[in-house]
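Subject: Structure handover

Hello,

Here is the structure I said I would pass on. Please open it first, then read the notes below it.

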Amino acid sequence: MTRRGTHVKMDLRLILIFVLLGLLSHTRAQLDGNECTKASAQSCGECIQAGERCVWCTDVNFLKQGEQKSTRCDEFDSLIKKGCSLANIENPHGNVTINKNRPVTNRKREGEKINADQITQIQPQKLTLNLRSGEAQNFTLNFKRAEDYPIDLYYLMDLSYSMKDDLENVKNLGTDLMKEMQEITSDFRIGFGSFVEKTVMPYISTTPAKLLNPCTSDQNCTSPFSYKNVLSLTSEGYKFNNLVSMQQISGNLDSPEGGFDAIMQVAVCGNQIGWRNVTRLLVFSTDAGFHFAGDGKLGGIVLPNDGKCHLENDMYTMSHYYDYPSIAHLVQKLSENNIQTIFAVTEEFQPVYQELKNLIPKSAVGTLSSNSSNVIRLIIDAYNSLSSEVILENSRLPEGVSIYYISHCKNGVSEKGENGRKCSNISIGDEVTFEVVITTKGCPSNGKPETIKIKPLGFTEEVEIVLNFICECECHKEGIPNSPACHFGNGTLECGACRCNEGRIGGICECSKDEVRTEDLDANCRMDNGTDICSNNGDCVCGTCECKKRDNPEERYSGKFCECDNFNCDRSNNKLCGGHGQCECRKCICDANYTGSACDCSLDTSTCLASNKQICNGRGTCECGMCKCTDSKFQGSTCEICPTCPGVCTEHKECVQCRAFNTGEKKDTCKKDCDYFSLKNVKKKEDLPQPNDQPYINHCKERDANDCWFFFTYATKNDSTVEVHVAEELECPSGPDIIPIVAGVVAGIVLIGLALLLIWKLLMIIHDRREFAKFEKEKMNAKWDTGENPIYKSAVTTVVNPKYEGK
């Protein structure tokens, strides 16, 4: 039940895609003009290549005088309007055929052992598409990660001197990693390679002593080398341990290393490395940066890297001859060989390789500890990250062919365009789908079938798609070569028209391109001697006028002498024939209910009906759908507006007042002036007739001499009698209530008085406190020292000898 619901959703999505594509195509055609007529197609094949909306009329008698063969090519609706029957319209369509559709593998680790080439993770595997120009063809790809899928892992290590302590920890990597990978796959192989740098100056020291031992005299290092394949891929982990244990550190002069040379050789030397058609992982371990294309010039190396294998006795022998590869070159080779790269680098260079990862699809970066002790955990985490993401990649597309992806991933996540190529967070056993839309614009120059391939990056499986291009119509096969209908066999009669042989022109190939125009031929293209050739609106080809094409494909010249057109008729509101007719030979043919030279006069009188259902309110005539008022006092679209006329309520106020209440200015002349309506009384204004009771009723509210309001309705019945309903109850204003007003005034005066008293009391308190503080301060300043009376004078006089020294 779930799968059926999924397929229904998928079908709805496909329908929505085609609707959107159709709308986009239609919008584009409107913006760019009619692509069919612009193409000036001379055959059915040329017509259907102009666009998906272009069709060809095969009716032999379809063309009118002065029309070119290209008139047969137009949009479907246009050809039907021009008189081409449905049976004579050639409109081929493309389709999709699935040739190979092996289902994805549901493999269990405990189940039967299956070879890697028997595992299917993407479905279908081969399709054939018949493409017509502009018409999109859609198909769906299913991808499912298989359980227990085989893995090949090649460990590529930097053996420069700074990696000495790292080498010690990698020596036991083989068996330890084998144990860890058993949790992921039962079929795992591992290999090992090392690199240092190009063996030329200034990358290494070329002195004899340094070539033997590039390290200091107290260190025993091996000779420098570019790349060495130490161990091809093997399932025996102890071999890895034994061979790696025998490796020695080397050295070089500059900080960046020649790792790109090594990666290129690992990617392209599949036979020596031992890659299988399984998941391929390359672990690149280093604590330094990298040289890339152009850096070789420092050592006098200018030849670009050729991207070929140059391993002899497992050693790269052309490092001194070819430059480092570029990043784009590496991306190409890694993708071609389905290799996923894991950069295991120290924290210092992690940002550099993170940027490199962004340029290399299906790659990951892990931070290596200073002595590579965490390398196994790093590899496991990076593999899980890489394998949980699937990215579709297609081979180079033929000219004019475009491809569009829509992904449907886990948890209902869907993306389009470039993001539609991938799905993330895919676990083993998860199945995701991709919708692929392929469109072509025209046919390739050779018209032959093309083959493209789509594959998930990092996987060996791929989908083969054969593209067949619909370049000719079916009626092309029934063409009659050298047909007598084409001027004595000067062309092939196909699809209702002559396809002229080389060097022949004309509607029926009646002329040679080498023939010059003569006066006799030109005379056949003149209406009379006083007119221009083809009315100056076309060219005289073989004595027949072929009318010129306009920039606007909707505008056309026609007639034997191109004397007619469909765009020079009278206009109204800036519209040809007012938008209510067709322009034929410079004259408007109006639609029903319209007349006039520009079809701008409507015969419909519904726009002249007033609210009382009378034409122009009975005060005017309806001309071309608009009222012309005969009474100058009345205005408006239906002669109902009278700016100088009083309102209905004001006009009849005095008569209603005198008849209902026997008051008002017309009280004395009421019987004489106010007997033109019938009067009915009701108790309250709520009892008056409502608008839905009668179709045309006016509700009025007027004031009498005592400032009281009275209410009435005024209505004109269908028999032209007037009926007035009056409410007996008046609404008079009541007098003011004196007691609350007086009480409010008194209360206000009392409150204001109390507030003023409180404010005065507060100010007095503040003033008294300030005065007391001032008094206290002056009191403190009035005190003096009482230790000595300034009036008292002692009777004792003390004299001191200034010469006395105290002896």
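One aromatic cluster is formed by Phe 195, Phe 260, Phe 284, Phe 290, Phe 292, Phe 343 and Tyr 353. Please keep in mind that this is a predicted model.

Two members of the cluster, Phe 290 and Tyr 353, form an edge-to-face pair, with 5.4 Å from centre to centre and 70° between the planes. The angle counts as edge-to-face because it is over 60 degrees. The pair joins distant parts of the chain: Phe 290 lies in the loop between β11 (279-286) and β12 (311-312), and Tyr 353 lies in helix α12 (residues 350-359), 63 residues apart. Are these two residues buried or exposed? Phe 290 has a relative accessible area of 15%, so it is buried. Tyr 353 has a relative accessible area of 0%, so this residue is buried as well.

The structure holds 17 aromatic pairs. Another of them is Phe 192 with Phe 240, also edge-to-face, at 5.5 Å centre to centre and 90° between the planes. This pair links distant parts of the chain too, with Phe 192 in strand β9 (residues 188-195) and Phe 240 in helix α8 (residues 237-245), 48 residues apart. Both Phe 192 and Phe 240 are buried.

The charged end of Lys 198 sits over the ring of Tyr 324, 4.6 Å from the ring centre. Arg 659 has its charged end over the ring of Phe 677, 4.6 Å from the centre of that ring.

Next, the salt bridges, of which the structure holds 21. In one of them the side chains of Glu 35 and Lys 441 meet at 3.6 Å, N to O. Glu 35 is in helix α2 (residues 35-38) and Lys 441 is in the loop between β20 (431-440) and β21 (450-456), 406 residues apart, so to speak of this pair is to speak of distant parts of the chain. Glu 35 counts as partly exposed because its relative accessibility is 21%, while Lys 441, at 51%, counts as exposed.

Lys 239 and Glu 236 also form a salt bridge, at 3.1 Å, N to O. Lys 239 is partly exposed at 36% relative accessible area, and Glu 236 is partly exposed at 29%. In the salt bridge between Arg 499 and Glu 494, the closest N and O atoms are 3.2 Å apart. Arg 499 is partly exposed, at 29%, whereas Glu 494 is buried, at 6%.

Finally, a network of salt bridges links Asp 152, Asp 187, Arg 189 and Arg 276.

Regards

Note on methods: Residues numbered from 1 in each chain as written. Predicted model: local features only at pLDDT ≥ 70, side-chain atom pairs only at ≥ 80, totals over all residues. Heavy atoms only, no water. Phe/Tyr/Trp six-rings, centres within 6.5 Å; stacked < 30°, edge-to-face > 60°. Helix = DSSP H or I, 4+ residues; strand = E, 2+ residues; numbered from the N terminus. Buried < 20%, exposed > 50% of the residue type's maximum accessible area, 1.4 Å probe, protein only. Lys NZ or Arg CZ within 6 Å of the ring centre and 35° of its normal. Salt bridge = Lys/Arg side-chain N within 4 Å of Asp/Glu carboxyl O.
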